[in-house]
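Good morning, colleagues. May I ask you to turn to the sequence and the structure, which I shall now bring up for discussion.

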Amino acid sequence: MIAEAGNFALVLALLLATVQGFLPLAGAQRGDVRWMALARPAAAGQFIFSSLAFGCLFYALYANDFSLRYVAQHSNTLLPWQYRLSAAWGGHEGSLLLWTWLLSAWTFAAAFLSQQLPREVQARLVGVLGLVAVGFLLFLILTSNPFLRMLPAAPDGNDLNPLLQDAGMIAHPPLLYMGYVGFSVTFAFAVAALLGGRLDTSWARWSRPWALAAWSFLTLGIAMGSFWAYYELGWGGWWFWDAVENASFMPWLVGTALLHSLIVTEKRGTFRSWTALLAILAFSLSLLGTFLVRSGVLTSVHAFATDPRRGAFILAYLAVVVGGSLLLYAWRAPRLRQRTVFSPLSRESLLLLQNVVMLAATGTVLLGTLYPLVLDALGAGKISVGPPYFEKVLVPMMLPVLLLVAAGPFARWRNGTLAQLARRLRWPAAIALGVGFGAALMARGSVMSSLGLLLAAWILLGTGWQLLQQRGNLARQPRSWWGMLAAHAGLAVFVIGVTMVKGHELVQDVVLAPGQQASLGEYSFTLHKLEDTRGPNYTALRASVAVAREGRTVALLYPEQRRYTVAQDTMTEAAIERSLMRDLYVSLGDSAGDGRWLLRIQLKPFVGWIWGGCVLFAVGGLLAASDRRYRAARQARHPASSPAPVPPLVAMPLLQEPQ
């Protein structure tokens, strides 16, 4: 009865989400305290029953219950137990259940960590999240139910996609979905504020830690996916500009702009309408990513091949959520007009410019992602928009952002001047220019490499200069300040990694017989032997490759070609020798006849810095999200005994700029 229990739990979660979505919102509108008080219990109940449903799917996979269609399609008795469990999000239905469960978890956290907010604000916040959950639970139950039976039961399963039988599969989807779903909280805060007519600095202060947490998880999810593709697909790249990769990158760009806009709204009371729009767009793009992955319009190693009718359901849901929130924004936005004056080189201006560039970059990625799909849908032919388009268009757009990252913290609020900014940044600028000139000499005229290292030095020096200027007050600095420094330093590390890999990597395809060797840069690669080996559910041909430098062996690498028993798919497992400064990468290709084999050998300098920078991003975001000032300020301003709720139309004066 496990499947039936899981299905029943989903139905109960839907009923509770419906209560959560409608009654607290109506209570906030009417000023009914009893209806508003239903928000937290309903959110807790939804989380409990969603967890029960997810646990039932876990058990069915672990127990090899092949009477469930989902288990029969995505598992097998030979599959190791950890991959049987990760198969819970290895298919369309299971991944959607993961999304729904995470949404209930974020809702539960938002409901119980916002108890110090005014009662009507909390009711609207939890109510909006309930409405979002209703749509996903309906989609899950009506079109994508993972608990459907198949009778008679299958004797064994079809196995999990071999690409997904990896440790990356265990971590990547949960982290990515944590980021996607996390933006639902900032979206709910924005919609709740627009409904209540209260879009002030308090709203930004409440939203900011949630936005930071969601952005950090999304960063880790994207980084994990990039690293997984790097070592699993055997090609050695870290980003392919695949449409599904872009679907995760777009909300990250908008989320980054949102974080900086929230700073201005919280500290200066400006950018309120801009911040609300960014909160809506960040979650809307997360929903768009869901549509692209599950609609059937994409062919990708990341996408789920599903019935396009499911895509129609998601598209309708996307239209309701995004269209409704934008209509609400359009209705309220004229009341958010502000007459705030700040100089062109103030911190507000620099952050605004940075956000405009981030939105323009998002539009560029969106155009390159959707244009081929629209063209194909209209019957106007098929085109491919790949890395050349994105690199030629997007990279120049992001250069101003890198310049502003170091300059922004040194600009004054409202009345910054060029002389003041130049005086504060003269030493970092001078040293960065020296680094760029030295890099140009070493790179023998490579403009992009020199520019990349110059910008990385500029960011690192600017970050270090902030530390130096605050050297007497470091113990007093809040966690958000330390988080900003960590994130900015992570950006510099990321830029160094990308610059060095793009400008100095070496790649060569060679054909070798056992005993032969090939050279790449300062390294020689010798193929010693090939042997058969066996795994839990596959057989493999393993090559033994010795890598030497100046006659001394530095690594023994064992790339494989695996043949999975059930799926009958052949997969390449690359072998990588990692170090701080470079990766040695070998992948085994097909037989070339006469005992010779195709190998791809690669030397990738500083490639690990790409993911190290992303980890610093996430650490900085989580550190800032944990800043105690958010909790202290909220408790001081809004004690547990909150005032009576204010009807939205009466609250309109609160939209004015505080004096």
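I shall speak about a helix pair, then aromatic rings, then charges over rings, and finally some points of the backbone. Please bear in mind throughout that this is a predicted model.

Let me begin with the helix pair. Helix H6 covers residues 92-113 and helix H7 covers residues 119-143. Their axes lie 10 Å apart, and the two helices pack at an angle of about 170 degrees. An angle over 145 degrees counts as roughly antiparallel, and H6 and H7 are therefore roughly antiparallel to each other. Which residues make this contact? On the side of H6 they include His92, Glu93, Trp99 and Leu103, and on the side of H7 they include Gln122, Leu129, Phe136 and Leu140.

I turn now to the aromatic rings. With ring centres required to lie within 6.5 Å, the count comes to 37 aromatic pairs. I shall present two of them.

Phe249 and Trp252 are both buried. These two residues also belong to a cluster linked by ring pairs, whose other members include Trp215, Trp238, Tyr389 and Phe617.

Next, the charges over rings. Arg84 lies over the face of Tyr62, at 5.4 Å from the ring centre. Arg332 lies over the face of Trp331, and here the distance from the ring centre is 4.2 Å.

A brief word on one glycine. Gly434 has its place in helix H15, residues 418-442, and counts as partly exposed at 43% relative accessibility. Gly434 and Leu352 are 82 residues apart in sequence, and their C-alpha atoms are 29 Å apart in space.

I conclude with the backbone. Where is there a cis peptide bond? Such a bond joins Leu151 and Pro152, with omega of about 0 degrees. Pro152 lies in the loop between H7 and helix H8, the latter being residues 167-196.

Asp594 has a positive phi of about 60 degrees, although it is not a glycine. Asp594 is located in the loop between strand S9, residues 582-593, and strand S10, residues 596-605. With a relative accessible area of 75%, Asp594 is exposed.

Phe606, likewise a residue other than glycine, has a positive phi near 60 degrees. Phe606 lies in the loop between S10 and helix H18, residues 608-625. Its relative accessible area is 18%, and because buried means under 20%, Phe606 is buried.

Thank you for your attention.

Methods
Residues are numbered from 1 along each chain as its sequence is written. This is a predicted model: local features need pLDDT of at least 70, side-chain atom pairs count only at pLDDT 80 or more; totals for chains, interfaces and linings use all residues. Side-chain values use heavy atoms; hydrogens and water are left out. Axes are lines fitted to C-alpha atoms, for helices over the stretch in contact, and angles run from 0 to 180 degrees between N-to-C directions. Helices (H or I, at least four residues) and strands (E, at least two) are DSSP runs, numbered from the N terminus. Angles under 35 degrees count as roughly parallel, over 145 as roughly antiparallel, 65 to 115 as roughly perpendicular and the rest as oblique. Contact means heavy atoms within 4.5 Å. Rings of Phe, Tyr and Trp (its six-membered ring) pair if their centres lie within 6.5 Å; planes under 30 degrees apart count as stacked, over 60 as edge-to-face and the rest as tilted. Buried means under 20% relative accessible area, exposed over 50%, partly exposed in between (1.4 Å probe, protein chains only). A charge sits over a ring if NZ of Lys or CZ of Arg is within 6 Å of the ring centre and within 35 degrees of the ring normal.
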